Amino acid sequence: ALLVMFFYSKKSMREDALNRASQTLNGANVRIDNILLSVEETTGNIFYLLQPHLKNPDSVVAYSRKVMEVNPYVTGCAIAMKPGFYADRPDFMAYFHREVKDGKTLVVRSDSFGDKHYTEQSWFTKPMAAFQPMWLNPLVDMDVDMEPIISFCLPIVGDDEQPQGVISVDVSLSLLSDIINSTKPSPNSYCALLDRNGSFVVHPLGKHLMTVSVPDMGKMNESVKNVADAMMSGETGYLPFSINGRDYYVFYKPFERAFVPNRSMERLSWSVGVAMSKEDIFGDYNHLFNYVLVIAFGGLLLMFVLSWMIIYLRLEPLKMLTDKIERIAQGHYYEAIPDTKNKDEIGSLQRNFQRMQLSLALNVAELQQR
């Protein structure tokens, strides 16, 4: 009964863990997508507000700063126009970003972004060439000491219906990771979001390790490599893996974006995963198993004691009769056998021996009188 119970309880707990992991996975997907959607909507709103004021560079600067003020997820915003858009300026870029000074977070303006001219950077060239909004890792092709970011890049359409510039809004990967991992469902669970190359968009430990990708980690750990290959292939499922001496199950699926009218639905080829330790999944089952073992052992011990007491009490009359018969056989014919109220076979046997002893004692007395 215990084996059957444990088999079905573990099966049920595994199914429950799969359901919880699926819900956690969907929840992580929604939380990430909500942050991305808020950034996209902020960028789109600024784009529509900026359209009538494109000819005024001061207005462009003001709106670039405005993005930082209205959306707490944004860590930087650059609005750059193609060279020659303003007659009195060969090129133009308004770039604001958050900077921590003396324990305070300030919004400051910088004259440059990265180590290249903005017209040579992917966040500007790709949206201009494709003429469509897109999410990019703008620092992957630059040698800069900057916090890794992802950027939503929206081309600016001019009066001639051609791209005249780009609005690039940055989201810090560490901020995104911290937000997602602050809502993890259990103490030993982690969420990760990988791009198509296996680089972290959301890091499972809340870090920003764009320089360390999952395939690099997989070179040192076969189980991590299997998970990375499955996630980068866009598969849905779960796999066990071990890292730092701890066993996990990682549940993964392609990252899905909610459909919103007028939203850019380009394929990101991202994959979201949630790792849950075996202790979180089967901890209650293991505790239950230990409790049941203690209860079962205690129950068996108690049953043994009770059985021993019952057998002892049931055999006590037989032992007494054996002693009496041995005494009678040794010539103690007047050895009295006590009365009994037992109505079972032992009680019947005791009464028969009692009658036999009395008859034997009478016969012996008569013989002695002769």
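1. Two strands are treated as paired if DSSP finds at least two bridges between them; strands (E, at least two residues) and helices (H or I, at least four) are DSSP runs numbered from the N terminus. On this basis, β1 (residues 74–81) pairs with β6 (residues 163–172) in the antiparallel sense over 7 bridges. The model is a predicted one, in which local features need pLDDT of at least 70 and side-chain atom pairs count only at pLDDT 80 or more, while totals for chains, interfaces and linings use all residues. Residues are numbered from 1 along each chain as its sequence is written, and side-chain values use heavy atoms, with hydrogens and water left out.

2. Strand β1 also pairs with β2 (residues 92–101), again antiparallel, over 6 bridges. Ile-79 stands opposite Ala-94 in β2 and has Ile-167 as its bridge partner in β6. Of the 8 residues in β1, 8 are buried (under 20% relative accessible area, with exposed meaning over 50% and partly exposed in between; 1.4 Å probe, protein chains only).

3. Strand β9 is joined to β10 (residues 246–254) by 7 bridges, and Leu-239 has Val-250 as its bridge partner in β10.

4. Axes are lines fitted to C-alpha atoms, for helices over the stretch in contact, and angles run from 0 to 180 degrees between N-to-C directions; contact means heavy atoms within 4.5 Å.

5. Tyr-248 lies in β10 and is buried, with a relative accessible area of 7%. Leaving aside neighbours within four places in sequence, its contacts include Tyr-190, Leu-239, Phe-241, Met-276 and Lys-278. The C-alpha atoms of Tyr-248 and Lys-278 are separated by 5.4 Å, although the two residues are 30 apart along the chain.

6. Phe-304, in helix α7 (residues 278–329), is exposed, with a relative accessible area of 55%.
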